[in-house]
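Me: I'm new to reading protein models. Could you walk me through a feature or two?

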Amino acid sequence: MTVKFGGCMATTHAGTPAALATNAGTILFGTILIAINMRTSTAGVGAVLPNIAEELDWSAAMSSGLVVIPLLCYAAVSPLAPTISRTFGVRGTVLISLAAIALGIALRSCPGPVWIWIGTGVLGGGIGILNVVTPALIKSSFPNHVGPVTATYSAIQGGAAALGTAAVALILGLSGDSWRLALASSIIFAIVGFAFWALWPIGTERPARLTPSSTRVHAASRNPWRRSLAWHLAIFMSMQASIFYVLITWLPTIEQEHGTSAVQASLHQSYLQGASLLATVLGAGLLLRGPSQRAIVVVSTAIMATGIVGILTVPGLAAAWSALVGAGGGLTLVTALSLFGFRTRNPAETAAVSAMGQAVGYLVAAAGPVLLGLLHDMTGSWTPVLLVLLGLLMVQTIAGLRAAQAKYVWPETASQDNICKKQSCLR
């Protein structure tokens with residue numbers, strides 16, 4: 001069995017149809033374990049920011065750094081991920097990433113503010129590599145099911161984030177001073193994921209033999225920066241990530257300023273994550289309804305806008321608004337991740353576009369919590385922050401409608417472009 005990945009041809013020994021099915025099942029389960037580790041270590045941070053700020057005497061802008069540092073790491077390591085995967089292979093890259101996540105969680109939980117920053121940076125680097133490698137892994141392992149598998153991957157992320165946030169809320173409920181233990185609880189997922197990939201039955205995927213693929217495809221896959229469609233994808237990714245991380249960071253604080261308890265605000269974060277999970281599952285069906293994904297862009301943006309307007313006007317219904325913004329965010333995320341595969345022809349191109357999109361996206365997103373935290377510090381109100389988010393949703397819609405067109409980042413010929421209109425090509 002020969003698979004393109006990272007600009008190379010990987011030759012694996014598939015064997016019988018039963019072996020192929022076993023291999024696909026193993027890769028799918030491994031992908032699910034990756035998804036679990038993508039959000040559990042960061043999802044509960046927003047819920048404990050008030051506790052951290054109080055204990056360490058940090059300002060709002062300073063506290064937001066715990067959310068911003070991982071995003072900067074995502075942006076920094078994303079361009080390096082394809083090279084790392086070619087050097088160490090998919091399995092080796094996943095193991096390195098999961099080990100970094102586990103180490104980062106452990107360091108972040110050590111006493112002293114310095115270890116919080118170091119640990120957050122280390123786990124952010126591990127997640128950043130997985131952000132890029134996983135879409136290409138899905139493209140190479142499930143080329144005819146990119147949408148459904150990506151939706152499953154995104155849904156698991158949402159479910160794991162909801163579970164992680166709920167665990168943080170429960171631990172905080174036992175003791176408000178236990179925020180370090182609450183953040184450390186996610187290390188179990190990294191250990192389990194690392195153990196699975198380390199003990200992965202070698203017979204299902206023997207070490208790949210790498211040989212150069214087409215020079216033209218390889219060169220194109222490494223240069224998405226001059227492709228307009230790649231930039232639309234990157235901007236769409238930027239806006240959805242910015243809005244999501246601002247809400248994850250500051251929504252519990254906004255709620256607490258309106259009289260919601262810390263435990264309730266944490267539970268509302270789990271509602272947000274749970275709604276995101278359900279939305280990504282439903283999103284798989286919407287993604288399969290045509291060669292264009294414009295409808296889901298409009299629907300997801302409208303849902304998020306409704307939730308933000310609700311927070312502005314009727315803050316007493318915070319639980320409902322949290323669920324709405326979570327649902328809209330889940331639809332947007334699964335669309336953004338799927339588009340990396342839908343708009344490219346092979347895993348090499350997918351990895352390159354994903355690397356660019358996530359580097360730009362998370363670099364922009366990193367500025368959101370800090371700048372809007374500063375805006376709150378200057379104005380003393382969260383209303384301007386929420387209004388800015390509504391403006392970002394407008395930008396997200398414009399970029400999303402262009403990114404969702406039934407086109408490829410690298411249109412080779414007119415006849416191949418026409419093929420893109422077929423359902424099988426986009427899946």
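Reply: Let's start with one side chain: Arg180 counts as buried because its relative accessibility is 18%, where buried means under 20% relative accessible area, exposed over 50% and partly exposed in between (1.4 Å probe, protein chains only). This is a predicted model, in which local features need pLDDT of at least 70, side-chain atom pairs count only at pLDDT 80 or more, and totals for chains, interfaces and linings use all residues. Residues are numbered from 1 along each chain as its sequence is written, and side-chain values use heavy atoms, leaving out hydrogens and water.

Me: Which side chain does Arg180 meet in a salt bridge?

Reply: Side chains of opposite charge can pair when their charged atoms come close. A salt bridge needs a side-chain nitrogen of Lys or Arg within 4 Å of a carboxyl oxygen of Asp or Glu. Here Arg180 meets Glu55, at 3.7 Å from N to O. Glu55 lies in helix 2 (residues 45–56) and Arg180 in helix 8 (residues 179–184), so the pair ties together parts 125 residues apart in sequence. Helices are DSSP runs (H or I, at least four residues), numbered from the N terminus. Glu55 is partly exposed, at 44% relative accessibility.

Me: How many salt bridges does the count come to?

Reply: The count comes to one salt bridge.

Me: And how many disulfides does the structure hold?

Reply: A disulfide is a pair of cysteine sulfur atoms within 2.5 Å, and the structure holds zero. Cys73 is buried, with a relative accessible area of 17%, while Cys110 is partly exposed at 28% relative accessibility.

Notes:
Helix = DSSP H or I, 4+ residues; strand = E, 2+ residues; numbered from the N terminus.
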